[in-house]
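Hi,

Here is the structure I promised to pass on. Have a look at it first, and my notes on what turned up follow below.

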Amino acid sequence: MWAENAVFYQIYPLGLLDAPRRNEANPEDDQDKNIEPVNRIKNLTPWLGHIKKLGADALYLCPVFESDSHGYDTRDFLKIDNRLGSNQDFKEFCRACHENNMKIVLDGVFHHVGRNFWAFRDVRKNQRDSRYKDWFHVNFYGDSAYHDSFYYEGWEGHYELVKLNLRNPEVKNYILDCIKFWVDEFDIDGLRLDVAYSLEPDFLRELRRFANNIKPEFYLIGETLHGDYNRWVSDEFLHSCTNYECYKGLYSSFNSRNMFEIIHSLKRQFGPEYWTLYKNKHLLCFVDNHDVTRVASILKNAKHLNLIYGLLFAMPGIPCIYYGSEWGCKGKKQNGDDALRPAFENPEWNDLTDIISKMAKAHKNSRALCHGDFQDLCLTNLQTVFRRRVDGETVLAAVNCDENAYFARFDAGCGQAVDLLSGKKINFTGGCELPPYSVMYLRCQ
């Protein structure tokens with residue numbers, strides 16, 4: 001699958017493009033239904049050169065369809081949000097992406113919709129007589145927090161997010177028809193499923209069968225947090241999911257000066273033992289995203305910023321970069337979602353961006369870094385060396401998060417290597433020296 005060799009770049013369009021925080025168009029007002037869309041999505045086109053230069057070739061966009069506010073409270077799955085532009089505007093942007101050899105992955109928000117979703121508006125208006133009442137989990141013997149004269153289920157207590165009844169065949173068919181429309185109209189290449197951990201297994205199974213037939217190598221990634229990812233990732237369900245276990249392990253290992261944490265997770269997930277959980281699976285890996293504190297704000301030592309990306313691009317999985325973080329943008333979750341999803345007029349490029357671009361290039365050009373097995377060779381609190389190997393190619397990833405140089409002793413399995421990041425040749429004599437605050441990707445020769 002194409003995604004297994006890709007580097008993803010994530011954008012939250014409503015934030016980056018400085019769209020109004022709320023959609024002021026009233027869906028019940030006939031005049032507002034025809035409100036003129038604002039073509040902000042065109043302003044993403046100049047970013048494509050930056051994304052390509054960075055080394056990414058798959059663009060994951062957070063919600064783009066008509067919604068009440070943040071995108072996850074959908075009004076209409078068949079219409080681009082008027083704050084971003086028209087369907088034609090988005091079609092032209094997707095065409096520009098493909099002309100730049102970039103895949104497009106959209107957020108599939110199928111667990112819930114907004115209160116102004118067209119079918120739920122019908123339920124609010126017609127109550128028991130609505131033909132769509134079984135599209136949701138409605139109880140007409142209660143009341144909602146919005147005093148609708150009926151109760152309904154929301155997502156984790158958020159009643160602005162109305163839970164869909166995915167066991168209703170009409171709902172499932174409607175969603176699949178929408179996905180087909182997205183493929184036919186925008187030629188998208190995959191979906192990231194919001195709160196996939198809450199979706200019905202039967203729905204995921206049917207979605208996978210649908211994906212297998214709708215477009216060659218149409219890719220499905222699920223948002224999952226805890227538990228065994230095998231529940232969602234298999235030949236029967238999704239192709240991949242978000243690796244939140246290693247997300248936490250990455251920053252925590254640096255902040256606690258304890259590389260054992262992340263390496264333990266990687267051994268548990270991808271190690272050589274027979275009981276390894278996710279061998280041959282490609283999970284989506286990241287150091288931050290639109291829901292969590294930016295990595296530049298969570299790391300205690302700014303000199304570890306290069307290094308955490310060094311681990312991201314060397315570990316098993318599909319690396320994903322969140323817009324702005326490649327040049328060190330900060331933002332704390334405690335300050336609200338807007339702090340994590342800021343607007344930028346133009347992308348920036350600095351020393352951090354430069355090293356990330358080299359890491360991305362090394363990752364994409366190395367089959368071992370994309371598909372290799374995982375074996376730790378040297379591990380201390382402040383240093384790690386691990387091996388990725390497949391089809392005769394061996395790459396050793398070496399990270400030193402200490403301010404002092406360290407001689408790492410390990411059996412490299414070869415006498416000489418070249419660092420894919422610097423081009424320097426390394427001779428192994430029982431190991432090699434790791435410079436202070438360094439990352440090396442050593443391809444054995």
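This is a predicted model: local features need pLDDT of at least 70, side-chain atom pairs count only at pLDDT 80 or more; totals for chains, interfaces and linings use all residues.

Six bridges join β23 (residues 438–444) to β18 (residues 393–400), and the two strands run antiparallel.

Residues are numbered from 1 along each chain as its sequence is written, and side-chain values use heavy atoms, with hydrogens and water left out.

**The sheet**

That pair belongs to an open sheet of six strands, in the order β16-β17-β18-β23-β20-β21, with antiparallel pairing. Strands here pair if DSSP finds at least two bridges between them. Strands (E, at least two residues) and helices (H or I, at least four) are DSSP runs, numbered from the N terminus. At the edges sit β16 (375–379) and β21 (425–427), each pairing on one side only. From one strand to the next, the twist averages 25 degrees.

Two helices go with this sheet. Helix α9 (residues 260–270) packs on it, touching β16 and β17 (383–390), and its direction makes about 165 degrees with that of β16. Helix α11 (residues 305–314) lies across β17, β18 and β23, running at about 30 degrees to β23. Contact means heavy atoms within 4.5 Å; axes are lines fitted to C-alpha atoms (for helices, over the stretch in contact), and angles run from 0 to 180 degrees between N-to-C directions.

**Salt bridges**

There are 28 salt bridges in the structure, counting a side-chain nitrogen of Lys or Arg within 4 Å of a carboxyl oxygen of Asp or Glu. E393 is buried at 14% relative accessible area, while R443 is partly exposed at 26%. (Buried is under 20%, exposed over 50%, partly exposed in between, with a 1.4 Å probe and protein chains only.)

Another pair is E206 and K172, at 3.2 Å, N to O. It links helix α7 (residues 201–214), where E206 sits, to helix α6 (residues 169–186), which holds K172, 34 residues apart. K172 counts as buried at 16% relative accessibility. There is also a network of salt bridges linking D107, R192, D194 and E223.

**Helix α6 and the cores**

The axes of α6 and helix α4 (residues 87–99) come within 9 Å and cross at roughly 65 degrees. The two helices are therefore roughly perpendicular to each other, a label that covers 65 to 115 degrees (under 35 is roughly parallel, over 145 roughly antiparallel, the rest oblique). On the α4 side the contact is made by N87, F90, K91, C94 and H98, and on the α6 side by F181, E185 and F186.

Which residues have the most contacts inside the largest nonpolar core? They are F8, L59, Y309 and Y441, in a core of 140 residues. The largest share of this core, nine residues, comes from α6. A second, separate core of 16 residues includes C414, A417, F428 and L442. By nonpolar core I mean buried Ala, Val, Leu, Ile, Met, Phe, Trp, Tyr and Cys residues joined through side-chain atoms within 4.5 Å.

Cheers
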